[in-house]
Amino acid sequence: MNVTRGRQHQVVVALFWSLAQNWGGRALSFVLFLVLARLLDPADFGLAALVAFILLLLSSIAEFGFGDALIQRRTLEPADVTLPFFCSFAASVLLAVLIALLATHIEQWFDVKGLAPLLTAASLSLPIGTATLFQEALYKRQMDFRVLAVRTMVATAISGVVGIACAYAGFGALSLVIQVVVQSAISGLWLWSQPRWLPMRGYDLKSFRELSGYSIHVMLNRLLDFAIVRTIDMIILSLYGVAALGIYTVGARVYIILMQLLTQAVMDVALSALSKIAHERDRIAGAYLRSVSLGALIGSPVFVLLAAIAPEFSLLLFGAKWGGSEAVMRPLMLIGAVQTVQFVNSAYFGALGKPNYVFLLNILKFCTVVPAMFLLPSRDIGQLATIFAFSQLVVTPVTFALALRLLGLSWSQFLRPIAGCLCAIVLAYGAVVLCREATPGMNPYLRIGLLASCFGATYLTGILLFWRKQLLSLIDFVVKRGATA
């Protein structure tokens, strides 16, 4: 086997295990989430969401973006990891101690009763998660996703059982926090028992400066993205209360899970794989067009389908006590249909050494989304979610314009492979709207099957009518790659 075929085989195997890690782990996590949603109340999920908000912010700061920097670096020596690891770990320990000491003051500042003990317990996961992230980054760099996949499944299953047991015992929101801490601990023990790197005295200051130059863009980008995505949580908390935050969290959960399922597995492999062919402009441009075609063919219709059947789907999954979550789910699913095509741009920007593009785009998004949520009036969380979702579309054409310019592609080259697919999706959504109007008063559990069937039949018909040539070309490419791998 030559080097090229060996690399293709390695990418295919890595993608399989990355999908197993993300899809298997996320699917199992979602099933456990559904069980907990039946056992706990909106206020419990609201409290847990606020704890997650604080810890996610602190973990993004403590990690400094070194994980992506280690994956992206073309050559890496053991000494290169030393300074990034100790800086991040020390920062995470310091932040965890501060959170535990200031928990009562934070509770008073947010004016949310019961927050302090949850924060104190959750702070344990901060240094554990930071230490684990470095091992995970090195596994991803080596495209060894098998261990990560097994680790994810085991940690998710055990922590889920613990969380459900705590919920049955009446622990309330603490059940969700305990679940997170247990999962973090198991993940850390698993990877550090099979380390790809161990702490050492030797370090490389020059390498640390180079890594920092890349990682600072990653960290700032994450913080901006965090501000964009999580500002809505704080607005909901201040305007509608902790229970409303819980309903929003549940309504957004399906969208978040799907984005992770459809994007994270590919991103994990893409950054490492694309960095190796970044100098071959024709190959990377062709890979980009196939990526957006696959996103439009597979990812976008899933999001649009769930937007179309949001009322029935929400009732089926969560039950009547989570009424209002469907109004959150629909706009997020519709914007997800765009983002599942758009997300690949970040991987290509990173692979081509332009992480600053993502940062600049997030600045533009922040300047659009956050003011829109504060300035445009909303009467409930559903309207606020709609403003949040569709204000993000302002940045979409700019994102694609930068990607096409960087790759030397024209708008016609970009639109030609996906136009027919998008027409099929629009027709399918319209068919569901008409089918719902034609079946008033129908049992929602029966209607969801009818509506999904209507969407699927219309979408497949549209694909055969408008996208047949591109579909056959894509299938031919995948089959040929599979044969040569």
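## Basis

Helices (H or I, at least four residues) and strands (E, at least two) are DSSP runs, numbered from the N terminus. This is a predicted model, in which local features need pLDDT of at least 70 and side-chain atom pairs count only at pLDDT 80 or more, while totals for chains, interfaces and linings use all residues. Residues are numbered from 1 along each chain as its sequence is written, and side-chain values use heavy atoms, with hydrogens and water left out.

## Overall fold

The protein chain has 21 helices and zero strands. Of its 485 residues, 51% are buried (under 20% relative accessible area, 1.4 Å probe, protein chains only).

## Second largest pocket

A pocket is an open set of points on a 1 Å grid over the protein atoms alone, with protein on both sides within 12 Å along at least five of seven lines; a cavity is a set where a 1.4 Å probe fits but cannot get out, and lining residues have an atom within 4 Å of a point.

The second largest pocket has a volume of about 350 Å³ and 19 lining residues, with Ser300, Ala337, Val338, Val341 and Leu422 nearest its centre. At least two lining residues come from each of helix 11 (281-308), helix 13 (325-342), helix 17 (396-407), helix 18 (411-415) and helix 19 (419-437). Helix 13 gives the most, five residues.

## Second largest cavity

The second largest cavity holds about 40 Å³ of space. Its lining consists of Ile335, Val338, Gln339, Gln342, Lys365, Gln392 and Thr396. Helix 13 supplies the largest share here, four residues.

Notes: Buried means under 20% relative accessible area, exposed over 50%, partly exposed in between (1.4 Å probe, protein chains only). Grid points are joined across faces, edges and corners, and a volume is the space filled by probe spheres set on the points.
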